[in-house]
Amino acid sequence: MRVCTTYGSDIPLRRGSEMHEIRLDVFDRIPEGVGEESLVTLCGKDPSVVPDSFQGLVDVGERDIPTVQRRIKSFHDFERTPSSDEIIRMLSEGDQYISKGAFRASSFTDLYSILDASRRLDRRHVLLGMGEIGEVTRIRQRILGNEFTFGYAGTSTAPGQFSADEMEELGDDCMIVGLTGHPLSHSRSPAMQNAAMREADINGRYLVFDSPDLEHVRDVMIGYDIRGLNVTIPYKQDIMQYLDRISAAAEEAVAVNTIVNDGGRLTGDNTDIIGIEYALLNTPLKDRKALILGSGGAARAAAYTLTNSGCRTSVAGRNKGTVSQLSRDFGLEVCNGSVEGFDLIVNCTPIGLVDGEYPADISVLTEGQTVFDMVYGKETPIISMAKSKGCKLADGRDMLVGQGAASFKLWFGKEPDTDIMRGALE
């Protein structure tokens with residue numbers, strides 16, 4: 001990996017960098033020690049500010065300045081990523097030494113457009129996606145055929161950048177895993193999984209792929225060599241159509257929360273089941289009455305786990321269609337009233353992360369009942385009510401650790417340190 005160190009403030013140059021980017025909106029002059037393998041970015045300044053003796057690259061932006069010899073013509077769009085055809089047309093024009101494009105990425109489709117353009121563009125180039133979902137483009141320099149990539153020293157200069165230290169440590173062939181769903185601003189999985197990877201001495205990064213849809217998810221996983229993904233709301237069922245194989249547990253739950261990429265063959269599994277078992281390890285289940293709130297992918301995993309543990313299980317939800325389907329698939333009773341009379345209440349809705357009402361009356365909770373909320377990291381309405389009534393609580397963080405540890409083993413073939421994972425959530 002060839003990393004160009006970029007600077008968001010006028011600080012001493014980073015020692016050991018192969019390349020430096022000197023932005024003239026940050027530096028008022030070109031510092032000593034910048035050689036011919038480095039880059040001066042004009043940022044709208046006149047090219048005459050670059051000394052004739054400078055032999056390096058000069059980024060002139062979108063301007064045509066033929067007097068600059070080793071020039072980079074760069075295009076930035078902070079709002080969207082164009083289609084691959086648009087990118088190719090944009091970067092193919094002109095006789096510049098390198099064409100650069102940096103675009104705001106917001107979906108798997110955007111990542112695929114960058115990947116597809118990189119494969120078809122017949123000239124020296126640097127193609128990057130800005131923003132959180134674009135982070136993968138900065139790590140995969142070799143796959144994208146980029147002349148170099150960027151890492152910052154001091155403060156970053158673009159959204160989605162890693163530090164130059166991180167970039168050089170990761171390298172082109174690092175393992176990439178991550179999480180997809182929408183929205184994902186609340187997730188603590190990256191902190192947990194990255195801590196476990198460091199502890200296990202795995203060179204890699206757990207990234208966030210917040211996408212409004214799943215179009216091109218398969219192309220992105222295979223094309224960018226992404227080892228695996230966790231899948232969360234609302235894609236645990238929709239993701240199944242993009243996979244080559246489904247595990248028996250995921251097949252029975254009709255929901256996938258973990259994908260493993262084995263050389264381009266994508267397998268879907270359901271480690272939520274293991275996570276639920278982990279969270280309820282000290283909760284008696286056999287012959288108890290349980291109520292599931294919600295009817296999505298997480299609710300299906302709960303139904304699978306509870307019915308197989310001997311619970312007499314019911315379900316309450318807002319969506320009559322998915323509630324009826326869940327009821328038929330697992331032989332559940334449909335509850336249209338309250339949580340009264342149940343030994344265990346399992347919340348599988350996103351209430352607490354989003355505003356809304358639970359599909360059953362929680363005001364009648366009583367001491368002796370156990371409440372398990374899959375929403376973690378904050379006191380949700382149902383947890384607040386349960387505490388006020390003296391209920392027992394099962395921790396949603398335990399489910400996250402349990403399912404995360406199982407996913408980790410599927411991806412890397414080794415057991416993670418669950419104490420490290422739990423500690424990263426605190």
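Visitor: What makes H186 part of the inner lining of the largest pocket?

Guide: In this predicted model, the largest pocket has 28 lining residues, and H186, T232, I233, M374 and Y376 are the ones nearest its centre. To count as lining, a residue needs an atom within 4 Å of a pocket point, so H186 makes the list.

Visitor: Which element gives the most to that lining?

Guide: That's α13, with 4 residues. Both β11 and α13 put in at least two. The space inside comes to about 560 Å³.

Visitor: How many of the lining residues are nonpolar, polar or charged?

Guide: You get 15 nonpolar, 11 polar and 2 charged.

Visitor: Why do the buried residues of α9 count as lying on the same side?

Guide: D272, I273, G275, I276 and A279 are the buried ones. They span an arc of only 160° around the axis, which means that they sit on the same side of α9. In general, an α-helix has 3.6 residues a turn, so residues three or four places apart point the same way.

Visitor: What do the buried residues of α9 pack against?

Guide: Their partners are α8, α10, β19, β20 and α13.

Visitor: What makes Y224 stand out in the largest nonpolar core?

Guide: Among its 42 residues, Y224 is one of those with the most contacts inside the core, along with L111, F209, I226, L229, I239 and I259. The biggest contributor is α2, with 5 residues. Beyond its sequence neighbours, Y224 touches residues including L111, I114, L115 and V136.

Visitor: Which residues are in the second core?

Guide: That separate core has 28 residues, among them A301, C311, L326 and M399.

Definitions and conventions:
Residues are numbered from 1 along each chain as its sequence is written. This is a predicted model: local features need pLDDT of at least 70, side-chain atom pairs count only at pLDDT 80 or more; totals for chains, interfaces and linings use all residues. Side-chain values use heavy atoms; hydrogens and water are left out. Buried means under 20% relative accessible area, exposed over 50%, partly exposed in between (1.4 Å probe, protein chains only). The arc is that of the directions from the helix axis to the C-beta atoms. Contact means heavy atoms within 4.5 Å. On a 1 Å grid over the protein atoms alone, a cavity is a set of points where a 1.4 Å probe fits but cannot get out, and a pocket is an open set with protein on both sides within 12 Å along at least five of seven lines; lining residues have an atom within 4 Å of a point. Grid points are joined across faces, edges and corners, and a volume is the space filled by probe spheres set on the points. Ala, Val, Leu, Ile, Met, Phe, Trp, Tyr, Cys and Pro count as nonpolar, Asp, Glu, Lys and Arg as charged, and the others, Gly among them, as polar. A nonpolar core is a set of buried Ala, Val, Leu, Ile, Met, Phe, Trp, Tyr and Cys residues joined through side-chain atoms within 4.5 Å.
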